[in-house]
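Reader: I would like to learn how to read the features of this model one by one. Please take me through them.

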Amino acid sequence: MRTKRALSAFVGALLGAAVLAVPAGPAQAYEQRDVRKSGWAYVDSRQPDKSFVNGSGDAPIGASLDGDGKAHRYRSYFTFDIARFKGSVVHQAEFVIAERSAADCASAQPVELWRTDPTTSSTTWNNRPRQRELLGIVQAGGATECPGHLVWDVLPALRKAADRGESTLTVEIRVPRSLEADVAHGRVLIPFPSLRTEYNFAPTVTRIGHSYPSDWICGTRKNPQPLGAHSYTLMVEGADADQFDQFYGIFAAWPVGHEDQRVEREGEAFGGDFSRIEWEMSQYPHGTVLAWTARADDGHDLSDWAKPCYVLVDSQLPPAPVVTSSTYPADGEQHGGEGVPGTFRVSANGDKDVVGYYWGEPGDVYRHISAPRPGGDVTFEYTPRSFYERLAVQTVDSAGNRSPVTTYEFFVRATAPAVTVTVGGVGLPSKVRIWTHLADVTEFGYRVGDGAEVRVPAGADGAADVTVVFPQIGQSQVHVRSYVGAELVGAMTESVWVTDVPTIESDDFSWEHDGVVGRPGTFTFRPGRAGVVAYEYAFNSGEGLQRIDADADGTAVLQWTPTQAGWEMLTVRSINADDTRSESAMTDFNVFDTRPYVYSSLYADYGANGGVGIPGEFQFDTPLPDAGAYVYQLNGGPEVVVDADPIFSQVTVTLTPDRSGPNTLRVRTRFLDGTLSPERTYAFEVSDAPVVVSTDYPANESVGQPGQPGRFTFKPGRGDVAEYRYALDGNPAQMVAAGPDGRATVDITPAHSGYNTLTVTSVAADGTTSAERRYSFQVRDPYVRVSSDYYEWVARGGLGSVAEFRFDVELADVSAFEYQVNGGPWHSVERSSTTTVSVTLDRNGENLLSVRGRTAAGTHTAQTDYPFLVGTAPLVSSNTYRPSGATGGVGVPGEFTFVQGCPGVVEFEYSDNDVEPTIVPADGQGRATITYTPETSSSHTMRVRGRTTDGVWSDLTEYYFYVAGN
């Protein structure tokens, strides 16, 4: 789409030399340019033979008086270089000049602008340039700013001058002749005018054409290019002096003789001076001669239309070809062999509309063969690779129309030899084994990549073993063939990846063989390329790359003894004499420790955990075989022996630390032969936080209830405890003195149910404090919990509906529940695993259920009040169609009874599934009974609502039932 840039109609403040003029240069994009004057002059009637050219003063026009009272008349001239506009399209041009002063600003005064002949160095009043045309008259002063700016539209004059090829434009500014002698009309101008322009160089078209059968085809009217009824690419290429303009093509097409059907569309820009469009030829009838052309659009101006191209729309398809093959006949029998090429003949039966053929596998028909003459037959060679093959073939005419596909199906004998390649490396022997199931194969041929084929005889077992050498890293193909005598009977290609990675072998360190700390072993490195003289290797637990020289055969044996347990990664690469390094090989394996492993979840080997007197489990284990027992010693105490599990070699012991701070556990494995492993030292730290115990509120158990006190005993975690500081659930801390044994006992009363947390620290005589112990216990909730489908924020049901409420309580000694509704009588129900009561609703709106627990001793728990809302939905019932199970049947009538869910219902509205609603009246008790006959089986929903005498509808009841199938 073309865009236009608006040129400001007013310049703002053009002050002297501040007027900008862009210097001339190579043409670029659509341009806004302020052109400066190239020269100027003025003439004075008082000095008629004196020249005033390119002076340093201002530019006077009209009449004025000098210091002696003598009158002068002035005219001013300005010349501009306009050579740059030659060949361009000028979109806008304004001559702008600023005033210095005016004799009279109160009234509007005319000022004329003329195009004249150029000024010269001898321009005077008596030798003024000839006036050629009046360019315009503007009104200065009056309602406009004064002194201000004078602006003339000079677009026509600039365009004409550019078209005439003129390089300069000279203008004269003057007061009209009738007013020129009146000093009231005199003005002084600042001699820095600007010729403000917008211009562009229109693009040109160099060629047009379409892309079939090759690029830039352009048929003539006498010889239009045939094109099929498909979409084709129309193209236009051009040139544009504006280097940075976008280049679009505008395309037009019409059937010859029908200009009234001309269609124009804009193409896509593809960089540079190129544009294209897809044009659908199927919109034109067969035989239409279509003319098309294009023009260029740079976003501002258009080129001329190019000379048209012509196409002949051909929508008739050529005939489908006939395919035959003597090597692979389509007779349902197996012929030839896998990898054996066959010749296929394609015929158009002499149809001269056919100029070529396409063939390939179905869905991938792209290979093209030109016919030797119109309608001529062609042959092509194809090598099958599988048991069953299909080829798709089409004819094509000069218009590019393809025929329907002929699918040629044939079967191939399974004759391809099999091959396995064991890659030895780069430049090293690689083993290739070739074999076949065909008994009559006499020899095999093989070649690597594009190398020459080598023949070898087939052995008695139908196989041959050969050696090949791959010269470089990367993908390589091994081509093999089988022959019966000189006849090729089968072929296949095996792709292999060749690498120079060395091989790492070890009977001591691998996935199958774990290492043991201190037990030596070996690795053997074998080369992955020829000429290896050494290897570089590194263990992840080692000190970086190390080197080992290779033997003459390129192998090296590394002796290694692991010093630490865990997973090890060994990385190896080979080195040639020229310092070439191979890709790296890696292997990982596990190294076991001869010392037993020790683990404790409570007393981990990091951080201070547990506490004095708090028992913790410790697991002992070893990966070594024949473990009979473990010998351990805690903090230098007596040795203890514990038998190992005979199958898994594990054992778990419980140890209770008697001191805070660092503790040490030493463990050894005793094997069945009586020998002992090295010792594992397991260091762990025991927290010095006091230990809290309570039989009334055991840790992490649900007991007691709010307000029921419990006794808690604090035991010291260090030997110098003087007192304890404790707080329950963030309440202010309290202090209690420690007894002679360092212990203290306090009674604490929890205030709420749920989890309570008691924090305790001990304080020594010197004021130091221990770590904090957090002791959590759970207090039972004494209130009865109520759950129901009825609750206080959504109204449900209505009068007569039955609501179920479920009761539960955490107190174990509650044996029964007592409840009342809306302050009515109390009812009792025995406690069970799922205590549920049913209440028939008799009040709309707010209701209140109150419930309390009763113990066997007759005491009651606190009362729970459970508010809920009852709606106004009617009650629906049916003996025929019950709300559970499949009942009734299609066409079986059933009675449904509606009972008001709120007082004053005079009628009911009901519907079922998509059945239109029906109104029935209610009797004096707000009841109604209807007979309804379902017309379909499966699920149904009876929707019922009631309306009271004041026209208010009740809530909706949805009654679900399932109609049995007949």
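Reader: Which residue does a disulfide join to Cys218?

Author: First, the ground rules. This is a predicted model, in which local features need pLDDT of at least 70, side-chain atom pairs count only at pLDDT 80 or more, and totals for chains, interfaces and linings use all residues. Residues are numbered from 1 along each chain as its sequence is written, and side-chain values use heavy atoms, with hydrogens and water left out. A disulfide is a pair of cysteine sulfur atoms within 2.5 Å. Here Cys218 is joined to Cys309, S to S 1.9 Å. The torsion about their S-S bond is about -105°, so this disulfide is left-handed. Cys218 sits in the loop between β12 (204-210) and β13 (225-228), and Cys309 in strand β20 (residues 309-314), so the bond ties together parts that are 91 residues apart in sequence. Helices (H or I, at least four residues) and strands (E, at least two) are DSSP runs, numbered from the N terminus.

Reader: Is Cys309 buried or exposed?

Author: Buried means under 20% relative accessible area, exposed means over 50%, and partly exposed lies in between (1.4 Å probe, protein chains only). Cys309 is buried, at 0%.

Reader: How many disulfides does a search of the whole structure find?

Author: Two. The other joins Cys105 and Cys146, with sulfur atoms 1.9 Å apart. Its S-S torsion is about -60°, so it is left-handed. Cys105 lies in the loop between β5 (89-102) and β6 (109-116), and Cys146 in the loop between β7 (131-140) and β8 (149-153), so parts 41 residues apart in sequence are tied together. Cys105 is partly exposed at 28%, and Cys146 is partly exposed at 22%. Number the bonded cysteines in sequence order and the pairing reads 1-2, 3-4.

Reader: Now the nonpolar cores. Which residues have the most contacts inside the largest one?

Author: In soluble globular proteins, nonpolar side chains tend to be buried together. A nonpolar core is a set of buried Ala, Val, Leu, Ile, Met, Phe, Trp, Tyr and Cys residues joined through side-chain atoms within 4.5 Å. The largest here has 36 residues, and Phe78, Phe95, Trp152 and Ile173 have the most contacts inside it. Helix α1 (residues 155-163) gives the most to this core, with five residues. Another core lies apart from it, with 21 residues, among them Tyr328, Ala348, Tyr382 and Tyr483.

Reader: What is Phe78 in contact with, leaving aside its neighbours within four places in sequence?

Author: Contact means heavy atoms within 4.5 Å. The partners of Phe78 include Trp40, Phe95, Ile97, Leu169 and Ile173. Lys37, Pro191 and Pro193 are also among them.

Reader: On to sheets. In what order do the four strands of the open sheet with β63 run?

Author: Strands of a sheet pair through backbone hydrogen bonds, either parallel or antiparallel. Two strands pair if DSSP finds at least two bridges between them. The order is β63-β62-β65-β66, and the pairing is antiparallel. β63 (827-830) and β66 (864-870) are the edges, each with a single partner strand, so one side of each has no neighbour in the sheet. Inside the sheet, seven bridges join β62 (residues 814-821) to β65 (residues 845-855). Val814 has Thr855 as its bridge partner in β65.

Reader: Which face of strand β41 is covered?

Author: In β41 (residues 556-560), the covered face holds Ala556, Leu558 and Trp560, while Val557 and Gln559 form the uncovered one. Five bridges join β41 to strand β38 (residues 521-526), and the two run antiparallel.

Reader: Finally, how many salt bridges does the structure hold?

Author: A salt bridge is a side-chain nitrogen of Lys or Arg within 4 Å of a carboxyl oxygen of Asp or Glu. The structure holds 42. One of them pairs Asp593 with Arg595, the closest N and O atoms being 2.9 Å apart. Asp593 is buried at 5%, whereas Arg595 is partly exposed at 29%. Another joins Asp808 and Arg785 at 3.2 Å, N to O. This pair links distant parts of the chain: Asp808 is in strand β61 (residues 802-808) and Arg785 in strand β60 (residues 785-788), 23 residues apart. Salt bridges that share partners also join Arg75, Glu112, Glu172, Arg174 and Glu180 into one network.
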